[in-house]
2 protein chains.
Amino acid sequence: MQRMTRQRAAVSEVLADTEDFRSAQQLHDMLREAGHSVGLATVYRTMQTLAENGDVDVLRNAEGESLFRRCRKQVHHHHLVCRICGRTVELDAGVVEHWAADVGQSHGFVDVEHTAELFGTCAECMAAGAVDTRDA
Amino acid sequence: MQRMTRQRAAVSEVLADTEDFRSAQQLHDMLREAGHSVGLATVYRTMQTLAENGDVDVLRNAEGESLFRRCRKQVHHHHLVCRICGRTVELDAGVVEHWAADVGQSHGFVDVEHTAELFGTCAECMAAGAVDTRDA
DNA sequence: CTGTGCATGGGAACCATTCTCACTTGCAGG
DNA sequence: CCTGCAAGTGAGAATGGTTCCCATGCACAG
Ligand SMILES: [Mn+2]
Ligand SMILES: [Mn+2]
Ligand SMILES: [Zn+2]
Ligand SMILES: [Zn+2]
């Protein structure tokens with residue numbers, strides 16, 4: 001049984017304010033800046049619950065950190081995420097769905113699930129003279 | 001300049017002995033069982049080097065742990081992995097490559113990378129009504 | 001209003017991975 | 001063969017995201 005608490009309301013508010021994937025720690029900072037006081041553990045707990053309920057999407061960046069976002073689409077979809085600012089584009093990917101289904105079937109696998117995410121640097125971050133932090 | 005050491009030889013040997021994706025710690029255990037003494041840090045370092053050279057493929061399981069495997073194909077590809085026995089099929093996925101490139105470009109993103117893995121239950125495991133032997 | 005049991009939060013615990021650094025060793029060059 | 005030295009090693013410490021613990025707080029049904 002879910003209770004409505006000051007903390008959960010604050011988290012929902014912050015989630016509604018951003019279009020981008022954010023880590024639990026970033027959300028925690030955003031809450032603090034917005035004047036709300038919410039414990040980090042509570043942020044993690046809340047995101048876990050929201051994720052289980054399908055209210056937020058979760059993905060892991062290259063560093064293995066979990067990123068959260070309230071998505072528009074409730075149905076299955078994929079993302080193109082800016083690895084610098086977190087800007088996100090929701091993608092329909094019928095091609096990928098078909099690929100997954102075909103490949104699974106042709107190899108005799110059942111209950112095939114797939115993961116597919118795109119990470120890049122968005123135009124704005126690129127223009128901002130963003131340094132490519134990769135390779136070297 | 002790469003030097004051939006007892007440790008690296010042992011790791012290569014163990015990698016050649018398995019078809020399945022394994023974690024650094026599992027590899028470390030396998031080395032110990034095979035009678036070789038190799039530090040865990042060395043296993044990590046070796047896997048990192050092999051991964052950079054494209055000699056092993058890396059993927060992250062649901063728990064965020066890195067799994068390694070020596071793949072047949074040297075070129076970029078994806079995997080269909082049995083979530084029960086770990087059996088792995090290497091996949092060519094031109095469709096996915098094109099999708100990633102097109103989507104990235106049409107949204108003005110650069111340096112677009114993608115992840116795409118399929119997890120399912122293979123025919124044998126399905127027939128055996130098998131119990132999950134992995135994870136833990 | 002009140003009790004009760006879900007919720008909170010600060011800090012400790014967890015745990016895979018990386019780092020440190022003194023020590024070892026492969027191997028090119030002599 | 002030697003030898004010097006840069007690359008490699010490993011035990012343990014550090015890191016850092018995430019979860020756990022537990023005393024205290026508080027939402028809300030009755
Ligand atoms: Mn899909
Ligand atoms: Mn690909
Ligand atoms: Zn960006
Ligand atoms: Zn199987």
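Where is the place of Ala116(B)?

Author: Ala116(B) has its place in strand β6 of chain B. The model is a predicted one, in which local features need pLDDT of at least 70 and side-chain atom pairs count only at pLDDT 80 or more, while totals for chains, interfaces and linings use all residues. Residues are numbered from 1 along each chain as its sequence is written, chains are lettered from A and ligands numbered from 1 in the order in which they are written, and side-chain values use heavy atoms, with hydrogens and water left out. Helices (H or I, at least four residues) and strands (E, at least two) are DSSP runs, numbered from the N terminus.

Ala116(B) counts as buried because its relative accessible area is 2%. The term buried means under 20% relative accessible area, exposed means over 50%, and partly exposed lies in between (1.4 Å probe, protein chains only). Leaving aside residues up to four places away in sequence, Ala116(B) touches Trp99(A), Thr115(A) and Ala116(A), together with His78(B), His79(B) and Val96(B); contact here means heavy atoms within 4.5 Å. Leu91(B) lies 25 residues from Ala116(B) along the chain, and the C-alpha atoms of these two are separated by 10 Å.

β6(B) and β6(A) are paired in the antiparallel sense over 9 bridges; two strands count as paired if DSSP finds at least two bridges between them. In this pairing, Glu113(A) stands opposite Phe119(B) in β6(B). Strands of a sheet pair through backbone hydrogen bonds, either parallel or antiparallel.

The interface as a whole may be considered next. Between the chains, 39 residues of chain B are in contact with 40 residues of chain A. The area buried between chain B and chain A is about 3,000 Å², and carbon and sulfur atoms give 66% of this area. Buried area is the accessible area (1.4 Å probe) that two parts lose on being put together, summed over both. Of the area that chain B buries against chain A, 24% is supplied by Trp99(B), Phe109(B) and Leu118(B), more than by any other three residues.

Between chain B and chain A the count is 1 salt bridge, the term standing for a side-chain nitrogen of Lys or Arg within 4 Å of a carboxyl oxygen of Asp or Glu. Glu113(B) forms a salt bridge with Arg83(A), and their closest N and O atoms are 3.3 Å apart.

On the side of chain B that touches chain A, at least two residues each come from β4 (78–82), β5 (88–91), α4 (94–106), β6 and α5 (123–128) of chain B. β6(B) gives the most to this side, with 12 residues. By class, the side of chain B that touches chain A has 21 nonpolar, 10 polar and 8 charged residues. Ala, Val, Leu, Ile, Met, Phe, Trp, Tyr, Cys and Pro count as nonpolar, Asp, Glu, Lys and Arg as charged, and the others, Gly among them, as polar.

Two further contributors to this side, β4(B) and β5(B), pair in the antiparallel sense over 4 bridges, and Leu80(B) stands opposite Val89(B) in β5(B). The two strands form a hairpin with 5 residues between them, and Gly86(B) in the turn has a positive phi of about 85 degrees. In a regular strand the side chains alternate between the two faces of the sheet. In β5(B) both faces are covered, with Thr88(B) and Glu90(B) buried on one side and Val89(B) and Leu91(B) buried on the other.

One residue of the β6 strands calls for separate mention. Most residues other than glycine have a negative phi, and most peptide bonds are trans. Asp111(B), although not a glycine, has a positive phi of about 50 degrees and lies in strand β6 (residues 110–121) of chain B. Asp111(B) is partly exposed, because its relative accessible area is 30%. In chain A, Asp111(A) is found in strand β6 (residues 110–121) and has a positive phi of about 55 degrees. Asp111(A) counts as exposed because its relative accessibility is 55%.
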